[in-house]
Amino acid sequence: MGIIIWLVVGGVIGWLASMIMRTDGQQGIFLNVIVGIVGAFLGGWLGGLLGLGAGDINDGNFSLNGLLLSLVGAIVLLGIVNLFRRGRVR
């Protein structure tokens, strides 16, 4: 049951990040889940570097801080992808 919740939350985070970065029309639900999960890893890594002390959804932390950290990681991931794809961040 935990992996289903993890996939759903990752999909929602990926979808929110794609809405913020205006890439929603280019992605399907599968890519939203991937962006949410990989973005959560990236957010957790960045949070550890900055000393925020908050875990991400991959650590099983479904608190508001963990969800926001995962969302920030997904937004950073989409910004990096847009930078390589178009040469600029939207």
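Because the model is predicted, local features need pLDDT of at least 70 and side-chain atom pairs count only at pLDDT 80 or more, while totals for chains, interfaces and linings use all residues. Residues are numbered from 1 along each chain as its sequence is written, and side-chain values use heavy atoms, with hydrogens and water left out.

**Overall fold**
- The chain has three helices and zero strands (DSSP runs, numbered from the N terminus, with H or I over at least four residues for helices and E over at least two for strands), and its pattern along the sequence is α-α-α.
- Of the 90 residues in the chain, 36% are buried, a term that stands for under 20% relative accessible area with a 1.4 Å probe, counting protein chains only.

**Helix H2**
- The 22 residues of H2 should span 32 Å at 1.5 Å a residue, and the end C-alpha atoms lie 31 Å apart, which agrees; the expected span is 1.5 Å times one less than the number of residues.
- Among the buried residues of H2 are Asn32, Val33, Val35, Gly36 and Ile37, and the cover over the buried residues of this helix includes helix H1 (2-20) and helix H3 (64-86).
- Gly51, which follows H2, has a positive phi, near 75°.

**Asn32**
- Leaving aside residues up to four places away in sequence, Asn32 touches Gly10, Gly11, Gly14, Trp15, Ser18, Asp24 and Gln27, where contact means heavy atoms within 4.5 Å.

How values were computed. Buried < 20%, exposed > 50% of the residue type's maximum accessible area, 1.4 Å probe, protein only.
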